[in-house]
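Have a look at the sequence and the 3D structure first.

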Amino acid sequence: MEDASDSGFEVVTSEGSGAEQAPAFSQGKAPVSTSPEITSPATNENYCTLSEIRNSEREEQTSQNSVLTENTANGTETASMTEDNETLRKTDETVQSENLERFSGEVIQQDYHMPDVITVRVQTDSDSFQEVVVKIERRTYNKPFLGGFRNMSTGVEFHNAGSQTKPKRRPDKGIQLFCKETQTVVEKNKQQQTRNTTSTQMTKIGLYVSNMTDKLITPGKYFTAEEYHKRRLEAVIVLQKYFRRWHAINLAQNLMEQKRLRLAREAQEELQKKREKEEKLRREYEKKLNPKTKEDFELLYHDLELWMQEETARINRTLSGAERKAALCVLLEEETELIACIGMHRLNANVENQQKAILQLLGKCAQPRRWKAFDGKITEMDTQNTLRGKELLEIYRSISTKDIPKDERTSVLLTLKCTVKEHECKLTQEIVSLIDREIDLMSREVKECNLEGLRKRICTLFLQYIKIPEFNPEVAGFLKVPQDPLKLYKNVYFCHSCENYLPSTEFPIPANSHTIGRCRSCYQLDNEARKREAYFKYRLILENLRKSEVDYQDDTKIVFLVQLPDMQYLIENIWNSQSALSACSDLYELVMIRWDKQHEWSPWNTILLTKEEADAHLKLCNLQKAYEAPFIYKIKQKHIWAQNYFAQFPAMSSFLHRSNNQANANSCKKHNSSKLKK
């Protein structure tokens with residue numbers, strides 16, 4: 001179908017066979033005149049107008065199969081020429097004879113074929129006409145029959161038709177509408193039996209059929225249903241045999257592969273443990289050779305005490321009388337020399353640690369403000385105070401550096417002089433005078449070794465300058481001594497051993513303590529002089545325990561009341577410094593965890609295990625099924641021992657009563673649930 005671009009006139013003409021019906025041309029169903037008697041041909045030379053088509057319909061009522069409708073909405077005119085041979089097949093011979101008598105002057109042409117292109121003359125105005133070339137569309141499907149009616153007097157049939165134009169769109173009311181129409185399928189069941197016609201041909205009189213291609217079929221051995229099923233069973237058994245063999249081979253290969261992987265993993269873990277142990281021993285040896293921290297010197301004194309005990313026992317066992325006394329005197333002199341050597345190492349370590357502590361303090365003052373945004377990114381911001389801290393840090397590093405040229409040293413001193421001159425006070429005046437003195441001495445070619453005392457004094461005074469919040473505002477939050485004198489009266493206690501007033505953080509308070517005792521320094525000095533015990537391993541166990549308890553997030557409190565002496569008593573006296581399962585005595589490999597992970601940690605709800613055993617224990621859901629009764633009884637006895645010991649502490653008694661009440665409530669619930677089940 002081609003559209004007329006000038007006049008908006010659309011014509012659709014289709015050629016149909018005797019089985020086709022009239023197509024639809026309008027939105028609603030309108031009667032269209034079709035005549036089964038006469039069909040006049042249309043060629044490219046034929047011209048028809050709208051008025052001629054209307055006159056031919058009104059006067060002759062021929063079977064032109066053309067419909068011309070006016071569309072008042074868009075001002076377009078549509079002329080359609082259709083051909084319908086269905087009515088020719090429906091009409092009988094009587095109607096054809098009457099029509100021949102009525103239209104004797106016209107020629108009836110039933111075998112008419114519509115051309116591919118026709119020309120239509122369309123009236124656009126009252127006095128103007130336009131010729132439109134229309135291309136005929138050959139449809140490949142049957143046109144729908146929409147019904148109609150027939151005029152009883154004339155015999156003319158009128159078919160209902162529908163338009164090919166799109167329906168007018170309804171205006172949008174702003175409300176979403178839903179169609180509630182439904183469509184059902186009408187089903188009909190009908191039984192039928194198809195025919196299968198077969199035939200055979202045999203030789204007879206007058207007919208010869210060749211038997212060259214015939215096959216001679218002889219019946220085989222007949223076997224019963226029992227033999228058939230037996231044969232099938234044997235075949236199934238053979239299939240199962242091969243399948244099970246294949247499955248067994250795969251299973252064995254999988255087990256071998258799992259075993260290989262497990263052995264490789266165990267070997268890797270064993271090698272990793274060996275490396276970690278060697279690394280741990282190497283670190284311990286390095287700490288003993290070059291002690292730096294309090295824990296390192298604690299281990300040194302502990303080893304010294306163990307050596308003294310071994311030597312004293314050897315002397316007492318092998319010598320007697322004057323020889324024994326002389327050997328003990330020599331041993332005492334050796335101990336004195338070792339203590340002096342350890343003291344020299346401590347002095348050197350204190351100097352290095354003091355310098356590191358100063359740089360760490362200045363680094364905190366120069367650190368920018370940091371916060372985490374909503375997207376996880378870290379944002380940093382430098383303030384005036386942090387920039388001031390960075391400036392003072394760089395100056396302090398420069399004046400603390402040794403073995404630098406005189407020109408650089410002079411430049412650093414002048415920079416320091418300009419920095420401290422910003423604030424006039426007695427301290428800054430003294431720093432300026434010392435700077436002038438050093439510059440004067442360097443100009444006189446004084447040796448570097450003679451200037452060390454002066455330079456240390458400048459560094460010390462500048463450090464005092466940095467620690468004043470008026471000159472370095474950022475340092476106010478990192479000073480141990482508060483600037484407000486009134487705050488010194490709060491949380492300050494007196495140590496009766498060293499007779500110093502110290503903050504509460506300097507006093508270790510055990511769980512069984514009723515009063516404030518000695519400070520940490522006095523405890524450490526007493527330990528080095530008498531017991532020489534090493535709390536480093538117990539400190540590691542306690543730190544790991546506190547970290548694991550924080551991860552539970554159940555507001556546990558007892559673990560933070562336990563101190564190092566309490567942990568030492570719990571490990572050595574109650575758990576014998578070994579694992580409850582494997583009896584491993586290496587404290588570096590042991591950890592303390594909850595016995596029942598549903599309740600918070602306490603000395604009466606704990607167990608000492610290795611790291612691998614602890615991981616496996618925490619995965620258990622039912623302890624009664626996982627462990628045997630004798631082992632559970634042994635653990636309960638240790639818990640009772642811990643309860644009796646820690647019940648003497650005032651801080652532990654309240655938690656002990658609460659845990660007992662909770663245990664009684666749980667036992668009552670279990671007893672009631674067992675009764676209900678019965």
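The side chains of E305 and R532 are joined by a polar contact of 3.3 Å; such a contact is a pair of N or O atoms within 3.5 Å, where one must be able to donate a hydrogen and the other to accept it, and residues adjacent in sequence count only if both atoms are side-chain atoms. This is a predicted model, in which local features need pLDDT of at least 70 and side-chain atom pairs count only at pLDDT 80 or more, while totals for chains, interfaces and linings use all residues. Residues are numbered from 1 along each chain as its sequence is written, and side-chain values use heavy atoms, with hydrogens and water left out.

E305 is buried, at a relative accessible area of 17%, because buried means under 20% (1.4 Å probe, protein chains only). Beyond its neighbours within four places in sequence, E305 is in contact with R530, K531 and R532; contact means heavy atoms within 4.5 Å.

Now for the helices (DSSP runs of H or I, at least four residues, numbered from the N terminus).

| Helix | Residues | Residues that meet the other helix |
|---|---|---|
| α5 | 294–318 | K294, E298, Y301, E305 |
| α11 | 520–531 | Q524, N527, E528, R530, K531 |

How do α5 and α11 pack, and at what angle? Their axes (lines fitted to C-alpha atoms over the stretch in contact, with angles from 0 to 180 degrees between N-to-C directions) are 9 Å apart, at an angle of about 20 degrees. The two helices are therefore roughly parallel, a label for angles under 35 degrees.

Notes
Buried means under 20% relative accessible area, exposed over 50%, partly exposed in between (1.4 Å probe, protein chains only). Angles under 35 degrees count as roughly parallel, over 145 as roughly antiparallel, 65 to 115 as roughly perpendicular and the rest as oblique.
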